[in-house]
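Work through the exercises below with the sequence and the structure open. Each task is followed by a solution in steps.

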Amino acid sequence: MLSGRQLDHEDAEAVIIGGMVLDIHATPSIRANPGTTTPGKVYYVQGGVARNVAECMSKLGAKPYMISALGFDMAGNLLLEHWKTAGLSTEGILKNKDIETPVVCNIFDVNGEVAAGVASVEALEKYLTPDWILCFKSTLLYAPVLMVDANLSGPSLEASCKMAADTGCPVWFEPVSVTKSQRIRSVAKYVTFASPNEDELIAMANALSGSNEFRPLKEDHKKDNLSPGSLFQILKPAVLVLLGKGIKVVLVTLGSNGVFLCSKGGPSCYKFPVAKTNRTGFGGQLYKSVMQNCPPNCYSGFSELDISNRLFAVHLPSLPASVVRLTGAGDCLVGGTLTSICAGLDIMQSVSVGIAVAKAAVEVETNVPSAFSLASIADDARSVFCHAKVLLQQSMM
C-alpha cells in the first residue's frame, strides 16, 4: 500500500481531494430552438470542482497535491496529460482501466450561462474510496489546508475530514451542487471553511438542522433589486445554523452580487501559522502586493471588535467584467482565496483576491485562465477590499 508523500516544511501546500472531470461545452452562435441542431462551437475543457481549484492555485504559483481518480479512456488521458504539462504531481491520482473518467456536458445560452447539462460522475464515488484516500495521510502533516469537494461519497468525505482532524489540518468544504451540499451533515464538526452559493447554503442549513425550515430564494430575490443588506437578512438565519454547527468561516457566493464573508470573529479571526504558509515565488509576491494594497490596519469600523465571541459578516462586491463564460468563476474564487490564505494573508484579504481571480476567470473560454497578472489581481483586490461593507457584528452570548 502507498504511504503517500510527506510535504517538506518549506513546501507547505494545500491538499485537494475530489473530482477531475472532462467538461464538454456546447455554445450556440444563435438562440437555440428545441428539437433541432443549432450552429455553434463545441469545446473540450478540463473541469471538475477540485481540479479547477487546484489548477487555479497552480497558476497562482502554488503546487497543490491532488487526490483523485481517472480512467485510461480518452477523457482520462486528456486530463492526465494536461496535469503533467502543468508540472503537478500525479502520485495521488488513482489510474485504473475499469474507471470511466467523469464527464459533464453543458449546453450554454447565448449569454454564456448554462441552459442544460448532463453529468456522468459516478466513478468518483465508486473509486475515490476511503482506502485510497487514507494512503496519503502523511501529506497532511505540513499542509496548511485540506479542500474536499462534495463529489466524494459520504464515507470518503468522513475519512478525508477525520484524517485532517487527526493531523490538525483545517478543512475547506466545497458543496459542488444543491443535492451534494447536504453531505455536510456528517462532517460539519470537522469543517473550518465552507463556500456555498445561496441555494447550497439553504440546503446545507436544512440538512444540519434536520428540517425544511429554510426555503430556496425566490427568483426576484436573486435579481439585482435587493440591496446586499436586505439579501443578507434573508440568508442570515441559514448562515447562523452553519456557524452554530462549528463551521468557523462561511463564504456565501452571490454571482454578480459578490460574496458574504461570515465568521466567528473579525477579518483576522483565522490565519494559518507561519510554519504552514508558503511565501516563496508568486505566493510571496502576492503576499507583499496585497499587504501593500490592502493593509489590515485600514479595516474600517470593526477592527476593535475583532474578537472570537462575536459573529461577523461583511459584503465584498463583485468586479465589472467582460463575461465570456461563468462556469469557472466560483472555483477560481475558492482557488484564489486558498492560495492567499496559504501565503499568510487574512481571510478578508484572501477573499478580495479570490474575487479578483474570479473576474479573470469569467473573461476566458476555459474554466481557469492560462495565466494571471499579479498587478491586475492586486489592483482588483484593492478595489474589492476598499468597497467592503460590514453587515453584522453580533455577540454570540
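**Exercise 1.** Find the bridge partner of A194 in β11, and state the sense in which β10 and β11 pair.

Solution. The model is a predicted one. Step 1: the partner of A194 in β11 is V250. Step 2: β10, residues 191–194, pairs with β11 in the parallel sense, over two bridges.

**Exercise 2.** Describe how β11 pairs with β12, and what lies between the two strands.

Solution. Step 1: β12 covers residues 259–264 and pairs with β11 in the antiparallel sense over five bridges. Step 2: within this pairing, L251 is opposite L261 of β12. Step 3: the two strands form a hairpin, with five residues between them. Step 4: in the turn, G255 has a positive phi of about 60 degrees.

**Exercise 3.** Is β11 largely enclosed or exposed, and why?

Solution. Step 1: a residue is buried if its relative accessible area is under 20%. Step 2: side chains in a regular strand alternate between the two faces of the sheet. Step 3: V249, L251 and T253 point one way from β11, while V250 and V252 point the other way; all are buried. Step 4: five of the five residues of β11 (residues 249–253) are therefore buried, so the strand is largely enclosed by the rest of the structure.

**Exercise 4.** Characterise the second largest pocket by volume and lining.

Solution. Step 1: its volume is about 170 Å³. Step 2: the lining includes T36, T37, K41 and I107. Step 3: β2 (21–28) and β3 (40–47) each supply at least two lining residues. Step 4: the lining divides into six nonpolar, five polar and one charged residue.

How values were computed: Residues are numbered from 1 along each chain as its sequence is written. This is a predicted model: local features need pLDDT of at least 70, side-chain atom pairs count only at pLDDT 80 or more; totals for chains, interfaces and linings use all residues. Side-chain values use heavy atoms; hydrogens and water are left out. Buried means under 20% relative accessible area, exposed over 50%, partly exposed in between (1.4 Å probe, protein chains only). Helices (H or I, at least four residues) and strands (E, at least two) are DSSP runs, numbered from the N terminus. Two strands pair if DSSP finds at least two bridges between them. On a 1 Å grid over the protein atoms alone, a cavity is a set of points where a 1.4 Å probe fits but cannot get out, and a pocket is an open set with protein on both sides within 12 Å along at least five of seven lines; lining residues have an atom within 4 Å of a point. Grid points are joined across faces, edges and corners, and a volume is the space filled by probe spheres set on the points. Ala, Val, Leu, Ile, Met, Phe, Trp, Tyr, Cys and Pro count as nonpolar, Asp, Glu, Lys and Arg as charged, and the others, Gly among them, as polar.
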